[in-house]
Every structure is written in structure tokens, then in C-alpha cells.
Amino acid sequence: MKRLVHILVLACLVAACTSPVETHHGASVTSYRRFAETRHGASLPTDDMHQRLAAIDSLMWQQPDSALAVLLDFAGSPLADSLDAFDGYYCQMLVSELLYKNYFEQSNRTKLLRAVDYFDSIVTTDGRDAMNRVSATDNIVFLDARVHYINGVGHYERDSIVEACTEYLKALEVMENHFEEKEPMEKKARFMVGIYNRLGDLFSAQFMMEDAIACYEQALSYCLIETTSPCGVSNVLYHIGMQYDKKENLSKARQYYGQALETVSNIDNLTYRNIVASKALCDYQIEKKPELPLNALRKIIGQAENEEERLTRYLTIGAIYFEEKMLDSAFFYLKSVYENTDDVSVRIQVASYLRVIYENAGEQEKADECVRFMAGNMKSEGENKVLVSQLDKLFQEYLKQKQKKLTEAEHTKHINNNVGIIVPVAVFVALGIIVVAQRRSRKLLKKQQEEADRVMTSKEMEHKRKLECERQTHQMQQAALSGRLKQSNETLRELKEQVAKQKEEAALQTEQAATFAEEPICRLIVERVNEGQFKSQMDCKIYKEYALEKEQLLDLRLAVDRHFDHFTDRLKQAYPELTNSDLDYCCLYLLGLSDADVSALMQKAYPTVSQRSRKIKTVLGIESALPIALRSYADNDF
């Protein structure tokens, strides 16, 4: 009932935080109000409301429940009736954030989307405000990033995974375009931890372990700058360990679980118990000794705060008993989880265990029921691949753009350093020429004066004529010196032109894209082929260490589709007779591999591979070598 009351009050709050006065905000609220008054001749409200909202915002980072109560009071006050555009949208963003931080669903979706457009309109990509008058302040940029982040949360609540990922990456882009790497402190650093953790969770749920690890490592770097909670660092280390666990790199997973336990400052919390449970299962998988892991798990079951946590521990214990072939004990724990959890993904996992147990007990009808449940709730392989491909494409594009900006910044820094060296040297050379010329000129004049003092004879007129000649000679030397100075200035101009040319060339270099052959999976396959020197007459089993795993074949297919415009989808559509396995062979031939190479990598007998290649040629209707024909197909429409 209390939760329902909060939701009803929040609905009133959403209606109260409207924006009757359309003004723009950039560097500061006050500067925009003054601009609007000058432009429209209107008197706008004071900054009292903005200060109230800013105080609620500050409180939210420490006590979100208290901040929600204060925001409810604010919504019922007369101040809320006169919010201008900026504070109205600011209020909508705070409503969404407080709903999220107090475990409510987002109820002001339409107004939040307007807030996204509004903040984007006043913070442009070059850091100027909408009227191009003054640079946007750090706080305005921070608000723009936050509104994209909370918009991503709203998408995720509605199962729009790709849209959520897009908004999280947009929030990162806004922050990283404005702030130097690792510069954000306090709230901004905590905000970066939140974004990277959300991205890590999103990728982890789709079994994109490498992308998840990259995000969690970034979260860890910011968490070390400004920790989000007493268990913040431990929690991130724990999630990194979970990704290695999923990759079946158990030694690496146990290493991170150990680090997570070492950094836990308080053992009376859920994070600590999660780490203990995951490490216990990992220890069992490595050592195959169930006693200690089971004792550790039974101990933390008694500390469970709720039914959901208790069922999570039951699942881990049941999994260990299942692996130990102690099916009766496993059934006790797993059946309780299956009947009481609301998490569909957990029920699917448990159903896979129960199916085997029922089959061993001869209860085929119940086993079939588990199969039907799994079939009805699991996404198809195609759906998963499409979603993973879309998410990976988004993340790789973000990383590519980030690397491009870092490279451009490095080139600019390098060029500026060169300019800082070349220009002073050129100026020093020019000054040296001037000083030397002036010294020579003074010596010449002094010599002329001494000569004039010594030679004062009756031939004074002749002497004067000589002096006049020398004076003219001196003027010619000065003219020559002037010419050399002009030449020095010309040299400086040429140096500046060379520096500008270097900048243009550096900009062109950063725009060059990576080729298909430079993909990590392509380099891995080529290295194995070069190292193995595979022979057709040899049994493929002797090359077992070079075999490709299913995950690596999927990586190769994704790389092919990225570089050749969804080549496998186009090939499948044009030639439906080709199976998924045929498409994997086509991707390998696209790398220029021979039948002997494919035989070793796929661990198929050479005659089988040859027969497969002939089948593919027949389906495609070609006579030429497969690598040549497929590359032609990949580069052109068919």
C-alpha cells in the first residue's frame, strides 16, 4: 500500500513539474534569464526554484529516499507552479532518477523524452550553447549526459536493449567529449562508474564477455577515483570475475573473486555473500572437491536477507550436487528454485537440470514438460545473434570513434610540440643573423673612423671621396642584410606551411578504416595456418590443437558481415540450400584458405572438406576456386 501511495503522489509530481515559460539555459540559469528579459522585455522568476532543485539533486547522491520526500514537498509548493523551461525539464530528469534510485518504474516517460531533446538543443557538439553566446558550463554538459543515461534506463525497463545501449554510449560520448579522461571527480566519477556498470551488465546478460570486461574495467578505474559505496570496488571486481567464469577461464575468475574478497570492508552484505558463493562454485569446478564449497554455501544461506537470495544459493548447491551425480540431493534444491522463482532465465537453467533428473528417474512426462518450458521461453539462436551483432556493432563503433579522437588529439599535441620547437629555433636563428650583421657594421664604421683620423693629409678631398665610396659600400651591405632578413621571414612562413600540411596529413590518416584481414579473429586464423603448415595427406586429428571453437567461428562470421555488408545474410537469402555450416566454410574460404587448411581448423577429414567445397561450388554454380569466387561475391551484389 505504501508503494502504491508513493506512485500516486509521484504522478501528481510529474504533472506539477511542467514548463510554462519557454526560455533557454546555457552557461548559467541567471545569464539566460537576463538574456530573455533583454530580448522579450519580460520579467522571469528568480533563481529560488533552481536552487531548491539543485539542493534536492545534491541530496539525491547521498540519500535518494530523503531526496524523494523533499521533491514531493517541493511539488506541492507554490514554487512548482512557476517553473521555467530549464527548471521544468531539470525537474523531470530528477523525477526519473529518483524513481530509478528508489526502485520504481519510470512513469514520466513522455516528458523525459522532451527533456532529452531540450538538453541536447542547448549543449551542442562543440560545447557552445544554443544561442552561441557563451560556452556551456560543466554542469550543463553533466545534465545532458545524465538525461541520456536515465533515458537508457527507461528503454531497458521496456526491454529495448539496443536503444538502451545507444543512450548509455551517448551519455559516455557527451562526458568524454567535454571532460579529459579521468578528470571527472566526485559526482561525475560516480556517474561514469554507473554508466560503465550498466553497460557491463547489459553485455554480460547477452554473454558478450569481452565487451562486458572492457566496461567493468573502465568502471573500476573510475571507482578507484571516487568509490560509489563501501563495496563499490569489490562489486566491480566480482563482476569481472563472473565474466571470466562464463568464458570458462576459471583460474582468472578465481583470481578476481579473491581480489574482491580482499577489498570487502564489511562482510554483512549481499555483495560479500555473492562473492563467497561464486568463489565456492569456482573452487569446486577447479578442484572437484565438494565439501568445502558446500559448507561455505550452507553457511551463507542462513544469512540470506530474502527468499530470492535463498533460492540463488539453492541453485548453486543444486548445481554442485548435480555435477557430483547426487541427483536426489540436487533435486531437493533445484525443484524448490523452479517452483518459487519468478526469474525466467533462472527457471530455464534449472529446467535443464531437472530434465536430466526426471529422465534418470524414468519420469518422461515431467522431463518433456521441462523441455516444453525451455522451448517456449528461450530466444531463438537467430534472435540472439542479431541482438548480439547489433550491440557489438554499437560498442565497436563507439570504441572506434573514441580511438579516432584520441589519435587526433595525440597528433595535434605532437604537431604543437614541433611548432613549439621549430618557431623558437627559427626566431633564434633570425636574431643571430641580425646580431652578427650589426657587429660587423659597427666594426666597419669603427675601422673607417680610425682610418679617417690617421689619414688627415693634404689630399683631404681624395680621402673624402674614398669615404663616400665606403659609405655607399656599407649601404649595399645593409641592403644585403635586409635581403637576408626577408629570406629568414620567408623561411618562417615555409615552416608554418609545413606544419599546416602535417596537420592535414594527420587528419587524413586518422580517417583510414581497418581492413578485414586486420580483424583479430582473421589474424588468429592466419597465424594458425602459417604455424601449422597443414598437409592434405595427414590425419586432421593431429592438428587438433589448431581447431577453431564455435565462438571463434561466430566471431569470424560477424567480422565478415561487418566488412562485406552482411555477406552471410545475403548469401543465405540468395542460396537457401546453403546450411549454417556451409556459411562457416564460406567465411574460411573468404580468407583464401585451402581445403587442407579448412580440414585442420574444422577437424574434418580432407575428403569430407573436399566434398563440401564441391557442394558449395555446385550450389553457387561456379567453376573457379572458391576463395576467388567468394571474394568477388563479397565485394559485389548478387
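Visitor: Is Lys-615 buried, partly exposed or exposed?
Guide: Residues are numbered from 1 along each chain as its sequence is written, and side-chain values use heavy atoms, with hydrogens and water left out. Buried means under 20% relative accessible area, exposed over 50%, and partly exposed in between, with a 1.4 Å probe and protein chains only. Lys-615 has a relative accessible area of 32%, so this residue is partly exposed.

Visitor: With which residue does Asp-582 form a salt bridge?
Guide: A salt bridge is a side-chain nitrogen of Lys or Arg within 4 Å of a carboxyl oxygen of Asp or Glu. Asp-582 counts as buried because its relative accessibility is 0%. The closest N and O atoms of the pair are 2.6 Å apart, and the partner of Asp-582 is Lys-615.

Visitor: How many residues apart in sequence are the parts that Asp-57 and Arg-146 tie together?
Guide: Asp-57 and Arg-146 form a salt bridge, with the closest N and O atoms 2.9 Å apart. Both Asp-57 and Arg-146 are buried. Helices are DSSP runs (H or I, at least four residues), numbered from the N terminus. Asp-57 lies in helix H3 (residues 48-60) and Arg-146 in helix H7 (residues 138-157), so the parts tied together are apart in sequence by 89 residues.

Visitor: Within what arc do the buried residues of H23 fall?
Guide: In helix H23 (residues 567-574), the buried residues are Phe-567, Thr-568, Arg-570 and Leu-571. The arc is that of the directions from the helix axis to the C-beta atoms. Seen down the axis, the buried residues of H23 line one face of the helix, because they fall within an arc of 160°.

Visitor: Which residues is Thr-316 in contact with, leaving aside its neighbours within four places in sequence?
Guide: Thr-316 is part of helix H15 (residues 307-323). Thr-316 counts as buried because its relative accessibility is 13%. Contact means heavy atoms within 4.5 Å. With neighbours within four places in sequence left aside, the contacts of Thr-316 are Ala-277, Leu-281 and Leu-297.

Visitor: What percentage of the residues score a pLDDT of at least 70?
Guide: Over residues 1-9, pLDDT stays under 50. Where pLDDT is low, the predicted coordinates should not be read in detail. The protein chain averages a pLDDT of 80, and the share of residues that score at least 70 is 73%.

Definitions and conventions: Helix = DSSP H or I, 4+ residues; strand = E, 2+ residues; numbered from the N terminus. pLDDT = per-residue confidence, 0-100.
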